[in-house]
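Hello,

Here is the structure we talked about. Please look it over before our next call; my notes follow below.

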Amino acid sequence: MRLILLGPPGAGKGTQAQRLVEKYAIPQLSTGDMLRAAVAAQTPVGQKAKAVMNAGELVSDEIVNAIVAERIDQPDCARGFILDGYPRTLAQADAVELMLEKRGLQLDAVIELLVDDRALVGRIVRRAEEAKAAGEAVRKDDNPEVFEERLREYYKKTAPLTGYYHARKMLRGVDGMASMDEVTAQIEALLPETVG
Ligand code: B4P
């Protein structure tokens, strides 16, 4: 099964992707996590991405497309994968289509998590506070100022993807304002019970 989770920053894409990993035993391909790992390891990609991410902007399509193309060829992706936070621009959506086509694969579903802007910023602030209280590192982009820019980027560059996938009859919306368990149940209702 090959699935895309779409939605604004803080919508719960990462949260739901982790739950689907457990249910279907297919990997979560989070471009955010991959980029943060590259930043932490100070790789050339990480060095390019660091300032862009800390400002709440999107890393270049070229960089992100390359890391995903490499990742989907790993053996653990053979039965499928969950794309979490990717694609985020129309150019990335075209790149996914091409990547899959080249490998004779298809997308099974695109699920959009629908959440109010006000709830989003509240979640991000809460995550930062919880990390701080637990003595964990706080994400540099998890603060209200940078979040505003992340949301602006989302509306400018990512929101048009809903039209793109709607036109392909692939888009399914779920109420991302519900509790985490309820959101999971809504997503699972749209997907098969198991993957082969
Ligand atoms: P990401 O890491 O993808 O960050 P995100 O959009 O904020 O996270 P997500 O929607 O997964 O929210 P989460 O489940 O964590 O991107 C970070 C940055 O990386 C981007 O700004 C960009 O710079 C770069 N980047 C990543 N991908 C890129 C791409 N393809 N192209 C270019 N640049 C890219 O949930 C957030 C919080 O809400 C959590 O604390 C969670 O516990 C809580 N929550 C979740 N569901 C909830 C619910 N139902 N109710 C209440 N709280 C909930």
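Which residues come nearest to the ligand? This is a predicted model, and in it Gly 12, Gly 14, Thr 31, Gly 32 and Gly 85 come nearest, of 29 residues around the ligand. Elements that give two or more residues to this shell are helix 1 (13-24), helix 2 (31-40), helix 3 (44-54), helix 6 (117-133) and helix 9 (180-190). By class, the shell has 11 nonpolar, 11 polar and seven charged residues.

Five strands form an open sheet with parallel pairing, in the order 2-3-1-4-5. Strand 2 (28-30) and strand 5 (171-175) are the edge strands, each pairing on one side only. On average, neighbouring strands are turned by 25° against each other, direction ignored. Strand 2 runs parallel to strand 3 (residues 81-84), and three bridges join them. Leu 29 has Leu 83 in strand 3 as its bridge partner.

Now the annotation. An unreviewed UniProt entry marks a "binding site" that includes Thr 31, Arg 36, Gly 85, Pro 87 and Arg 150. The annotated residues are spread over 120 residues of sequence and, in space, up to 24.3 Å between C-alpha atoms.

Two of these residues in detail:

- Thr 31 sits in helix 2. It counts as buried because it has 23 C-beta neighbours inside 10 Å. Beyond four places in sequence, Thr 31 touches Val 64, Ile 67, Val 68, Gly 85 and Tyr 86.
- Pro 87 lies in the loop between strand 3 and helix 5 (90-102). Pro 87 has 25 C-beta neighbours inside 10 Å, so it counts as buried. Beyond four places in sequence, Pro 87 touches Gln 92, Ala 93, Val 96 and Leu 161.

Best wishes

How values were computed. Residues numbered from 1 in each chain as written. Predicted model: local features only at pLDDT ≥ 70, side-chain atom pairs only at ≥ 80, totals over all residues. Near = placed C-beta within 6 Å. Helix = DSSP H or I, 4+ residues; strand = E, 2+ residues; numbered from the N terminus. Nonpolar A, V, L, I, M, F, W, Y, C, P; charged D, E, K, R; others polar. Pairing = 2+ DSSP bridges. Axes fitted to C-alpha atoms, helices over the stretch in contact; angles between N-to-C directions. UniProt positions renumbered as here; feature names shortened; annotations may be inferred. Buried ≥ 20, exposed ≤ 12 C-beta atoms within 10 Å, placed from the backbone. Contact = placed C-beta atoms within 7 Å.
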